[in-house]
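Work through the exercises below with the sequence and the structure at hand. Try each task before reading its solution.

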Amino acid sequence: MKSTQYSEKVLDHFRNPRNVGILKGKDVAVGRVGNPVCGDLMEFYVKIKNNKIDDIKFKTFGCGSAIATASMITEMAKGKTIEEALKISRKDVADELNGLPPIKMHCSNLATDALRDAIHNFKTKQKPSLQATPEAKECREGITNAEKFLNRGVHFEADDPSLFIDKRTIVLDRGDKSIEFALTLTKYTPRVVYVTSAKDFSIKPELKRKLIQSDVKILYESRILEIMGITEVEKVRIHDLNENEKYELFVDAVVILL
Amino acid sequence: MVLRRKINNMSVYLDYQSSKPVDPRVVEAMTPYLSSKFGNPSSLHSLGNEATKILENARQTVAGFINAEKDEIIFTSGATESNNLGIIGFAMRNKQRGNHIIISEIEHISIHNIAKYLAKNEFDISKVPVDQYGKVSVNKIKDRLTDNTILISIGYANNEIGTIQPIAEIGNLCREKNIILHSDAVAAEGLLPIDVKKDNIDILTFSSNDIYGPKGVGVLYVRKGIRLTPLMIGGGQESGIRSGTENIPGIVGMAKAVEIMQQEMDNEIKKLRGYRDHLIKIILRKIPKSYLNGHPTERLANNAHFRFSGIEGESLLLSMNDKGISVSTGSACSSKTLEPSHTLISLGLLHEEAHGSLQFTFGRFTSQRDIDAAAEALPDVVNRLRKLSPLYHKT
């Protein structure tokens, strides 16, 4: 079955998803699973009263079946006790939707996982796990091949932005000066990626606003492990600290300000 | 034209890269060869002789279209077979000269899988990266050359993002280094004039459906003097390189498609380029955080490829489909392997960005109405999906 050959019920939930949105308040717990790097991200908000799911909302970045399964499980879980809600399996969700293409079963798994995560966080009074992050300080010495490709794609200085015309440039977080340089670079190249090991910035609100509104692509909670190429920089290996995943990204230049 | 009306009434079809309708004039030219003119070119009687004549005329027509000689044209069952015969056939025949082959990171999946097959059979494969617009750098090819390099295979233009490659420049390098250049020209057919002599192309893949001919027919151009090991063994048709009774109706259809293309190509390209530039302008203006994938100017006249922050391509595709508009996506969620498009990743995009991509390709039967419908539908669709997305407000 092709990925887009969905049942009518799946398509209905995709077209008119139920319970989209967020919930706020003391008795609301949040569950978050997945990561956009591998495809989907799902957030569930549950309000629990007297051990029962009083209200439930979701947001998702994902394919058609991710949207449909999230919508479906909110309908199934509402009004149930915590124990009952925890028992909802991915097969239950798929069955309720009159089936899913086999290759898509992982998506409904994500919906049940997100719901379970939210209930777990309610029980343990924890914030969603994806927000709890390890901090890591990267240093130039920690990046394999940074010296080898110096001036062949790697730059330790920010004197001359014209060196970066049309180059996919990755800028390492070094505080305000590196953010300002990343913003300057957007005038010279359409592709600027900013890598920080932090999960958020503690910088001047004005600068933060500028950065978020710009076309700079920000990689939070990430660090550069290795620079790769033959005679010049061709790609970097990145460690996603949050997901503990390593992947490669094609770039032409790396800026590591001293 | 009946076909134009039919396509428009049913839906807005903007996925010409995936499949093209056969031009009605081609169908008409083919029909007699499916019934009364059923001769086999290998037969010695008049019906067979007539088939030989029509086959050789078709060969001449196709050769003329790419500035090749008639006996440099081999008919195959399509682009995948041409790629197999061109690359594996060449590699097997010439492995005593060397075992190193270079392809680009953004080749069509058939080339990537052929390379994978050869890597399991004692060949070394290097992949040359592309820049952020999807262009292959000649210097990066040079970085990868070894004494064992026998073949470089680079597509004439990319089938997903439409970026046109500097083939003539790569051809010069290959001539200078005595390396054979293969190019898969399927995406570029009918959208760029192709001249194998001017570009120094040695082996070229060409298909019929991509110029509005029938599916199941293709061509491999092989420059005189280059030897291949046949992959299809049989009665020795096509100079012994590709056995099997010739698909005369298909070949007649392909030749007719070439004739029509030769006459209409200039105007068609102009029309398509107008549609492309119009759609790109409107989408980038109307949708915040939308970006064009591929080269801003050096791109195929019929290709507009976008990405949108915070949303996923299969959801986009389904939503557009609900509005009667057929498009493609590079999203993993729509693929058999759940991997995002290797072409988009090669541009330097993150998985999440590759997921949010949507591809529009136009063609002969596209009208301004189709473009307007897409330009009107897309902003609403993106807006609705972004409201659902936990990622968008952060970007």
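The exercises that follow concern a predicted model, and each one is followed by a worked solution.

**Exercise 1. Confidence**

Task: State which ipTM and pTM the predictor gives the complex, and what the mean pLDDT of chain B is.

Solution: Start with the complex, for which the predictor gives an ipTM of 0.86 and a pTM of 0.85. Then turn to chain B, where the mean pLDDT is 94. In that chain, 95% of the residues reach 70 or more. Where pLDDT is low, the predicted coordinates should not be read in detail.

**Exercise 2. Domains of the two chains**

Task: Find the domain bounds in chain A and in chain B, and describe how the domains of chain B meet.

Solution: In chain A, domain 1 covers 8-131 and domain 2 covers 140-255. The centres of these domains of chain A, taken over C-alpha atoms, are 35 Å apart.

In chain B, domain 1 is made of 2-21 + 264-389, while domain 2 is 24-260. Taken over C-alpha atoms, the centres of domain 1 and domain 2 of chain B are separated by 28 Å. Contact between them involves 28 residues of domain 1 and 25 residues of domain 2 of chain B. On the domain 1 side, two or more residues each come from α1 (2-10), α8 (248-286), β10 (303-308) and α10 (342-346) of chain B. Sorted by kind, the residues on that side are 8 nonpolar, 15 polar and 5 charged.

**Exercise 3. Where the chains touch**

Task: Determine how many residues of chain A are in contact with chain B, and which element of chain A gives the most to that side.

Solution: First count the residues: 29 of chain A are in contact with 25 of chain B. Next, list the elements of chain A that give two or more residues to this side: α1 (8-15), β2 (41-49), β3 (52-61), α2 (64-77) and β10 (245-250). The element that gives the most is β3(A), with 3 residues.

**Exercise 4. A sheet in chain A**

Task: Give the strand order of the open sheet of 5 strands in chain A, and explain why one side of β4 and of β7 is left without a neighbour.

Solution: The order is β4-β11-β5-β6-β7, with parallel pairing. β4 (154-155) and β7 (217-219) of chain A stand at the edges and have a single partner strand each, so one side of each has no neighbour in the sheet. For β4(A), pairing with β11 (residues 253-255) of chain A is parallel, over 2 bridges. Within this pair, V154(A) stands opposite V254(A) in β11(A).

Technical notes
Residues are numbered from 1 along each chain as its sequence is written. Chains are lettered from A and ligands numbered from 1 in the order in which they are written. This is a predicted model: local features need pLDDT of at least 70, side-chain atom pairs count only at pLDDT 80 or more; totals for chains, interfaces and linings use all residues. Domain bounds come from an automatic or database domain assignment. Two residues are in contact if their C-beta atoms, placed from the backbone, lie within 7 Å. Helices (H or I, at least four residues) and strands (E, at least two) are DSSP runs, numbered from the N terminus. Ala, Val, Leu, Ile, Met, Phe, Trp, Tyr, Cys and Pro count as nonpolar, Asp, Glu, Lys and Arg as charged, and the others, Gly among them, as polar. pLDDT is the predictor's confidence in each residue, from 0 to 100. Two strands pair if DSSP finds at least two bridges between them.
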